Amino acid sequence: MADRPRASVKVEERLARMLAVVPYLIQHPGTTLDDASRLFAIPVAQLRRDLEQLFLAGLPPYGPGDLIDVDIDEDGGIWIAMADHFARPLRLTRQEALAVYVRATELAATPGIPGAPALTAALAKLRDALGPDSLGEATGIAGAEPGTPPPSLDAVRAASASHDRLRITYVAQSTGERTERVVEPEAVFASAGHWYAAVWDVEVDDERLLRIDRIASVEPTGERFSPRGLRGAGRPLYTPSDRDVDVRVRLCPAARWIAEYYLARDVTEHPDGSLEVTLPTAATRWIARLLLRLGPDAEVLDPVSVREEIVAEAQAALARYGPRRA
Amino acid sequence: MEPLERLLNLVGLLLEAPTPLTFEQIRETLEAYQGDNLDSVKRKFERDKDMLRAYGVPLEMIGTDVWDVEQGYTIRKERYYLPDIAFTPEEITALYLAAQSGSGTTDALSGVRKLIYGVDGGVLTGSAGGPLAMESDTDQDRLMAAASAASERHAVRFGYRTAQGATSDRTVDAFGVVFRSGRWYLVGHDREREAIRAFRLSRVTTDLSDAGPGAEPPAGFAAIEHVESAPWDAAGLPVAHVAFTAEAAVLAEGNISGTTRDHVRDDGWVVLAVPTADPATLGPLILQYGPEAEVLDPPALRDDVIARLEAVAGG
């Protein structure tokens, strides 16, 4: 068959997969097509086609007894013989070894990962076994101590896996209010140091993204749910709403981190390094308190009513410290 | 003959041949290279060889005898085969999940699929809960470029914007990459500033370009010590006691790591113990809770918060 130019990328992928799948199948005789398909993320039909190619390969002199023997039994179990030279996989490339190492380091340094001790042990074994040839100087790739996970994380993650509907109390940062909600937790993920749950809120009949550390209590309802396929990792962390109020704020260089940390729109930069940004918010009180924190490093441009809100928040807070301050 | 079959045969042949094989010998054995047009067959072989090398197959050309008169091709087993790594099922499952956890990481997946070959079953069962999804503010290509430079002790050049907004070009001898509190940092020697610095990768404004071999880190260097923890993150710090409403306490516990519950007061307020190195940093943080927080001690922090509030309230 003539080589087509477009076939080359494809054959490279197929070769790469074969050199990883075949060792696994030789070491695990009778693995089903379905399991191999899931483990290696190859569609069953493609896997079958690739195994047929393997059947034609072998070692010289390529007589009938020299070819690799591939048998797929009636239960879909795969049996491979005469392929001892493919019984162990190819070494990891530098890029593959680094990528595995980086991902594992990242996960081991995230709070609340059940497999973290196993990951740490696996990282040490990878370093020892792959050595500088595959991994270079891996000792510089490191994660910090992960810290304490939010108390509700395990319960929410378990409910997400078993599709259990939960009754929770949740404190919203924007309003500071505690609400009781019945939610269907579909996806749980970590992003930039925090854990999130993408949930269906049963009473409001809409999707919500919750920060798991703001879930004050969790109890099962005893009911199950069918997932709707809500998006987990990779989604925007703030969902704009048409009830949002836009607050225009000027940030001094010392407060520029606000524009990185929160969703900020229409960013303009001044020659002195300060920024003007629009922060959309469901409740201005939250912005007022943020500005109270930033003090002279930030200024509200619009709406000016937020300036009065900041002063009112400061006066109310001051009242906590006794009458001589009132 | 399909290309996949040809490539599998070539790898098998060169792995098992006791001595390096010349192109002529390969042609004699493998039907796929037996065309009449020698040029086109040779080109096909060269393409195959390049593809295998690009995928990491250590296909070498070496002398077939001690006099190097003739060159032959070989794949040395000790360079081809993955060395034995005695992973436990828990370890390999954890790695398998980790490789799936990030976004856009095909290298991690293809890498981990090579590692699972020898483990005692159970990878699928152990990972039944699905991947532990992670997301990061860091561009994955830049992260891998930084990790690669650090592991090869290379220098890199890139644009960087500081937290205060100043942008400049940096040339850095890469010593390490560090993950802390959900963010990746490159740690290395900044050549212009002649000092070791940590660069948050999400503030890198350009791709990282290779700037050749770099310096070695000083003896006993630990990259992680150069990535600042949050002021309240270090262990063994003195604590401040702050009373919060029940709602604000939930928010504060999530926002300020290391915070522990001291007790709940009769009025329902919750007293939290907040570790602090520097009252000047903690003060503003407490202000974000408005009238829902009150600093109890130390007095210096209490006075600091009162002074900041008075400045705004027009005291």
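**Figure 1. Lining of the largest cavity, between helices of chains A and B.** Helix H8 (284-294) of chain A and helix H9 (246-255) of chain B each contribute at least two residues to the lining of the largest cavity. The model shown here and in the following views is predicted. A search of the whole structure finds three cavities of 30 Å³ or more, and the largest cavity holds about 110 Å³ of space. From chain A, the lining includes Gln173(A), Gly176(A), Arg285(A), Trp286(A) and Arg289(A). From chain B, the lining includes Ala248(B), Leu251(B), Gln288(B), Tyr289(B) and Glu292(B). H8(A) provides the largest share of this lining, three residues. Sorted by class, the lining comprises four nonpolar, three polar and three charged residues.

**Figure 2. Helix H8 of chain A and its buried residues.** H8(A) is mostly covered, with nine of its 11 residues buried. Among the buried residues are Trp286(A) and Arg289(A), both of which also line the largest cavity. Gly295(A) follows H8(A) and has a positive phi, near 55 degrees.

Figure 3. Arg289(A) is found in helix H8 of chain A. Is Arg289(A) buried or exposed? Its relative accessibility is 8%, so Arg289(A) counts as buried. When residues up to four places away in sequence are not counted, Arg289(A) touches Glu313(A) in chain A. Under that condition, its contacts in chain B are Leu287(B), Gln288(B), Tyr289(B), Gly290(B), Pro291(B) and Glu292(B).

**Figure 4. The open antiparallel sheet of chain B.** Four strands of chain B form an open sheet in the order E10-E11-E9-E12, with antiparallel pairing. Strand E10 (260-264) and strand E12 (293-297) of chain B each have a single partner strand and stand at the edges, so one side of each has no neighbour in the sheet. On average, neighbouring strands of this sheet are turned by 30 degrees against each other, direction ignored. Strand E9 (residues 239-244) and strand E11 (residues 270-275) of chain B run antiparallel and are joined by six bridges. Ala243(B) stands opposite Val271(B) in E11(B).

**Figure 5. Helices packed on the sheet of chain B.** H9(B) lies across E9, E10 and E11 of chain B and runs at about 20 degrees to E11(B). Helix H11 (residues 299-313) of chain B also packs on the sheet, where it touches E9 and E12 of chain B. The direction of H11(B) makes about 145 degrees with that of E12(B). H9(B) is also one of the helices that supply residues to the lining of the largest cavity.

Figure 6. Arg261(B) is found in strand E10 of chain B. With a relative accessibility of 43%, Arg261(B) counts as partly exposed. Which residues does Arg261(B) touch, not counting residues up to four places away in sequence? The contacts are Ala249(B), Val250(B), Glu253(B), Val270(B), Val271(B) and Leu272(B). Arg261(B) and Lys42(B) are 219 residues apart in sequence, and their C-alpha atoms are 74 Å apart in space.

Figure 7. Most peptide bonds are trans. In chain A, a cis peptide bond joins Asp302(A) and Pro303(A), with omega about -5 degrees. Pro303(A) is found in the loop between strand E12 (298-302) and helix H9 (305-319) of chain A. In chain B, a cis peptide bond joins Asp297(B) and Pro298(B), with omega about 5 degrees. Pro298(B) lies in the loop between E12 and H11 of chain B.

Figure 8. Most residues other than glycine have a negative phi. Met82(A), which is not a glycine, has a positive phi near 65 degrees. Met82(A) is placed in the loop between strand E2 (78-81) and helix H4 (94-108) of chain A, and it is partly exposed, with a relative accessible area of 46%. Asp266(A) is likewise not a glycine and has a positive phi of about 50 degrees. Asp266(A) is placed in strand E10 (residues 265-269) of chain A.

Technical notes: Residues numbered from 1 in each chain as written. Chains lettered and ligands numbered in written order. Predicted model: local features only at pLDDT ≥ 70, side-chain atom pairs only at ≥ 80, totals over all residues. Heavy atoms only, no water. 1 Å grid on protein atoms, 1.4 Å probe; cavity = no way out; pocket = protein on both sides within 12 Å on 5 of 7 lines; lining within 4 Å. Points joined across faces, edges and corners; volume = space filled by probe spheres on them. Nonpolar A, V, L, I, M, F, W, Y, C, P; charged D, E, K, R; others polar. Pairing = 2+ DSSP bridges. Axes fitted to C-alpha atoms, helices over the stretch in contact; angles between N-to-C directions. Contact = heavy atoms within 4.5 Å. Buried < 20%, exposed > 50% of the residue type's maximum accessible area, 1.4 Å probe, protein only.
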